[in-house]
Amino acid sequence: MELSTYFEPIDLEKIGYISRPTFPQLGDCVLAHTANNFPDLQGVRLAIIGIMDDRNAVMNQGCAAAADEIRRKLYPLAQPHLEARIADLGNIMPGQTPEDTYYAVTEVMYKLLEHNITVIMLGSGQDHTFAAYKAYEILGQVINICSIDSRFDIDGNEGMDSRNYLKHIIMQQPNFLFGYTNIGYQSYLCGPSYINLMEQLNFDAFRLGAIQQRMEAAEPLVRNADLVTVDLGAVRQSDAPANGDPSPHGFYGEQLCQLSRFAGMSDKTSCIGFFELNPKYDIHSQTAHMTAHALWYFIEGFYNRKSDFPNRDKQNYRRYTVELRDQDIEIVFHKSKKSDRWWFEVPCNDVERRERYDRHLLVPCNYSDYEQALNNEVPELWWHYYQRFNG
């Protein structure tokens, strides 16, 4: 089936976009799907897809209308890079059932990823993260997911919804989820039982306060993700009121922009989704405007990628081996000459597992992890991954 059959065209007049020759706007470098004109994807590296289905969005019906509201604020922004060339394929219309929409999202995602096109998903409930995961499953690609969210979305409800999509991903067999990282959870929205469950599953979870105190610590966490999923309810209500169940606490808008740029800069990230924006609760399009800024930073980061993942070119990074005295542990670090970013190697004694998870055995880290090893201390992140592979 042709990709165009899944999409409704974009009405540029409806979203109020007017090209201005004197000011290079982001919309000028967008190949938009308009009536009778589906974009040619030859040479395109980045594509936007809107999703218009909120039937499984818990307490947030109305978020299906978000994609065009974000476009309204995104297109007039300045061009993030002179070489930017982005295909906006339009909006995937809701199917007869939510499962039909999931199928359409999965098919579109699969075909774009197969052609090495990074995907930006806009609108609807966060349950569509499951549909994105299914595309990687079809590709046979084991992935890491990073969720910027105040909750874990692993509730016990049987049916699929935006508060339990992670449970459905975990239950898939065969399973292609290697790791899951939550950034910004709020303890009073999760409870100790779910926090303990995350530990039992060997997933990583970082409290909002811990990340806000040291935003740079989030960079390697985001850099390690293939799929980044953003619940805009993770942003505090004063910055992002457009949600049916908002919280007075959360990330600031500029912090979401910072996290988005981290994702854009990552060679590994091939999909990001911005979900749960409900225009009927917005105030003067404030949340749509903030999301457009976060998306701008993702695009800007994407076009400034360094292509310095260590497996690609071993001449462009330095290798450091640290022996921890009295612990019989040797840790190998890699530092990029292009970006000064760090990774460490995780040894794996099982040959079969080492082959299956090869691309995950180089884990992004910070310089502080290297300093910790130099001080004869085992970095917590390294130990976590070592146990996962050799436990």
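Student: Which strands and helices each supply at least two residues of the lining of the second largest cavity?
Tutor: This is a predicted model, where local features need pLDDT of at least 70, side-chain atom pairs count only at pLDDT 80 or more, and totals for chains, interfaces and linings use all residues. Residues are numbered from 1 along each chain as its sequence is written, and side-chain values use heavy atoms, with hydrogens and water left out. On a 1 Å grid over the protein atoms alone, a cavity is a set of points where a 1.4 Å probe fits but cannot get out, and lining residues have an atom within 4 Å of a point. With helices (H or I, at least four residues) and strands (E, at least two) taken as DSSP runs numbered from the N terminus, the elements are strand E6 (143–148), helix H8 (218–223), strand E14 (362–365) and helix H13 (380–390).

Student: Which element gives the most to the lining of the second largest cavity?
Tutor: The lining of this cavity has 13 residues, and those nearest its centre are Thr181, Pro220, Leu221, Asn224 and Tyr385. With three residues, the element that gives the most is E6.

Student: How many residues of the lining of the second largest cavity are nonpolar?
Tutor: Ala, Val, Leu, Ile, Met, Phe, Trp, Tyr, Cys and Pro count as nonpolar, Asp, Glu, Lys and Arg as charged, and the others, Gly among them, as polar. The lining of the second largest cavity has three polar residues and one charged. The number that are nonpolar is nine.

Student: What volume does the largest cavity have?
Tutor: Across the whole structure, a search finds three cavities of 30 Å³ or more. A volume is the space filled by probe spheres set on the grid points, which are joined across faces, edges and corners. For the second largest cavity the volume is about 80 Å³, and for the largest cavity it is about 130 Å³.

Student: Which residues lining the largest cavity are the closest to its centre?
Tutor: By class, this lining divides into two nonpolar, seven polar and six charged residues. Of the 15 lining residues, the closest to the centre are Arg151, Arg163, Asp231, Asn243 and Glu276.

Student: Which helix gives the most to the lining of the largest pocket?
Tutor: A pocket is an open set of points with protein on both sides within 12 Å along at least five of seven lines, and the largest pocket has a volume of about 650 Å³. Its lining has 22 residues, with Asp204, Phe206, Leu221, Glu380 and Leu381 nearest its centre. H6 (192–200), E8 (204–207), H7 (208–213), H8, H12 (367–374) and H13 each supply at least two lining residues. The helix that gives the most, with four residues, is H13.

Student: Are H1 and H10 roughly parallel or roughly perpendicular to each other?
Tutor: The axes of H1 (residues 66–74) and H10 (residues 286–302) come within 8 Å and cross at roughly 70°; axes are lines fitted to C-alpha atoms, for helices over the stretch in contact, and angles run from 0 to 180 degrees between N-to-C directions. Angles under 35 degrees count as roughly parallel, over 145 as roughly antiparallel, 65 to 115 as roughly perpendicular and the rest as oblique. H1 and H10 are therefore roughly perpendicular.

Student: Which residues of H10 make the contact with H1?
Tutor: Contact means heavy atoms within 4.5 Å. From H1, the contact is made by Glu69, Ile70, Lys73 and Leu74. From H10, the residues are Ala288, His289, Thr291, Ala292, Leu295 and Trp296.
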